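Open the model in your viewer and keep the selection panel at hand. The tour below goes from one selection to the next and says what is found at each stop.

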Amino acid sequence: MEKEEIYERLNNVFRDIFDDESIVVTAKTTSNDIEDWDSLEHINLIVAVEQEFGIKFNMNEVTTMKNVGEMVDIIISRVNK
Amino acid sequence: MELTSFIFFMFCLLTILIYFVIPKKFQWFVLLISSIVFLFWDNFSISTVMQAIIVLIPTYILGIQIEKYSNTKKGKWLLIIGIAIILGQLAYLKYTNLFLTTAKHLLKLINIEYKFTPVYRDSLIGISYYSLIMISYLVDIYRGASKSQKNIFKCALFMSYFPILTSGPFIRYNDINEDLYGKHKFDYNRMCNGLVRVLWGIFKVLVISARLGIFVDGVYGNLESFNGIFVVAAVIFFTLQLYTNFSGSIDIIMGISEVMGVKLPENFSLPFFSKTITEFWKNWHITLGAWLRDYIFYPLQKSNVMQRLTKKCKEKFGKKNGKKIPMYLSMLVMWILIGTWHGGAYTFIIGSGILQFIYIFLENELEPIAKKVNEKLHINMNSFGYKLYQVIRTFLLFSFAMIFFRATSVSNAIDIIKSIFALNRPLGLNLELIGLDIYNLLPLVLSLIALFVVQLIARNGSVREKLFKKNIAIRWTILYILIFAIIVFGCYGASYDPVAFIYKQF
């Protein structure tokens, strides 16, 4: 799967979870950039991303990923396995 | 060993002295010996030694085994065994009475009278802290987030690092292992930085907290003699007492650790400037919140059971509301656990658990309504006045919950709440009953002002950094005032009650 496609699909997930159609995520996007992205929504986001790509993040990844770029790297490593 | 006692400072001085004199590769061993001495100082018996061993040996062995099977089914079983051993002991030592009380209430529901005498078991200092720390150690190894410690003595040091045993903060193996086992050169600036923090901590505990405690004890001990206004004052003062005691202890702990080059995670970040209870808990006892988030809330929310529940709720209540129900359920579990961790009694479960959950629930659910109302009334939610109102509201809500936290029983808490409305009693403040004379009230007011000013400055960055940038005359004047205040106004000695560390009992 190409990076562009992943970002496109991630945009949809983010817009859906945070109820904001204007969201466009980049590799550098962090929870500071999106108002509702707190620790409660974080886990909802993770689960939604898992469902979108049919993958599983392990708990270590859930608690340590720092930005969307890291999330995308994990997605790539899982789907292209 | 109390954190503000003379013996503790002699103990730290001796530890630090040996720590920097001996070859650096043995530094961690000095910390281990000191930690063992500290651990058993007040409470040396076969039973307490066994308590330490029951956690250390299985955690050490299981840690190495779990590492071999991380993220596998076998690893998971080993992890469950480890957690069961640690929690089993913690529950046996700390929560027997809670179980028995709950059993009593449940049996009463089916008309069975069950009487029991509360049991008090001697437990090792810091057991509530090191139990959770060791659980996180095992879980992190299982998750592949950290490696196990192969040296049992080093593992013992991680478990018992003495500064954190009284009041935390919660440490994680990955964050601290390099500092804990590393080689540290003596650093003059680091020492000055650490010692200033220790001084500030002592000031908070001995000058502010202890004095507030006298007032709070005085009012709570003679509820029927005071007008409601003074009860409200006591409720507010208790929150400040708890904060200065707890955050002051943390300052002492972090300062001492800093001198030795072991950096600990921050546990407070100006909580009283928070505009909501949600924000408040991000700034109060930060490491406990983070622990529960990473080891309880996230796994619970991500579990298959919760996922199925979310799916069902979404089908039934729509996407937005549907996902809230499992979230609130996980949060409720988390808050009950926070309350229980604070103490094996309903007062703690209500005060630092369920009430906090209710606040956060209402905050989230009422926010859209509040926004609409404010818009209609043309209230500017970004104005200073509105933010001030939010800050005061948050403080008062938290203080109200702390009535339960401080009370001896739930019925005692209700008595306190009733006393707030006793406004027909005489308004005179009976200083004798409180135990604070006018010579004590003045330093109390002044030290609270000092605390407030320091917190205001801290909003724009480290106060210590700013202090060290000042010229030598100003710097030392401020430090001398601080030392002078501690010596003259510190509440210690025979005429005062010894300062009991509120958070040590947990």
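**Stop one: two helices of chain B**

In this predicted model, select H1(B) and helix H2 (residues 27-40) of chain B, which pack at an angle of about 160 degrees with their axes 8 Å apart. Angles over 145 degrees count as roughly antiparallel, so H1(B) is roughly antiparallel to H2(B). The crossing of H1(B) past H2(B) is right-handed.

Now show the side chains at this contact. On H1(B), pick B:Thr15, B:Ile18 and B:Tyr19; on H2(B), pick B:Gln27, B:Val30 and B:Ser34. Sorted by class, the contact of H1(B) with H2(B) holds three nonpolar and three polar residues, and no charged ones.

**Stop two: the domains of chain B**

Colour residues 6-185 of chain B as domain 1 and residues 190-501 as domain 2. The C-alpha centres of domain 1 and domain 2 of chain B are 26 Å apart. Where the domains of chain B meet, 25 residues of domain 1 are in contact with 22 residues of domain 2.

Next, select four helices of chain B: H1 (6-21), H5 (96-109), H6 (127-142) and H8 (173-181). Each of them supplies at least two residues of the side of domain 1 that touches domain 2. H6(B) has the largest share of that side, with five residues. By class, the side of domain 1 of chain B that touches domain 2 has 15 nonpolar, seven polar and three charged residues.

**Stop three: another helix pair**

Move to helix H9 (residues 188-221) and helix H19 (residues 438-458) of chain B. They pack at an angle of about 125 degrees, and their axes are 10 Å apart. That angle makes H9(B) oblique to H19(B). H9(B) passes H19(B) in a left-handed crossing.

From H9(B), the contact takes B:Val207, B:Ile208 and B:Arg211. From H19(B), select B:Asn440, B:Pro443, B:Leu444, B:Ser447, B:Leu448 and B:Leu451. The contact of H9(B) with H19(B) has six nonpolar residues, two polar and one charged.

**Stop four: where the chains meet**

How values were computed:
Residues numbered from 1 in each chain as written. Chains lettered and ligands numbered in written order. Predicted model: local features only at pLDDT ≥ 70, side-chain atom pairs only at ≥ 80, totals over all residues. Axes fitted to C-alpha atoms, helices over the stretch in contact; angles between N-to-C directions. Parallel < 35°, antiparallel > 145°, perpendicular 65-115°, else oblique. Left-handed = near helix turned anticlockwise from the far one by under 90°. Contact = placed C-beta atoms within 7 Å. Nonpolar A, V, L, I, M, F, W, Y, C, P; charged D, E, K, R; others polar. Domains from an automatic or database assignment.
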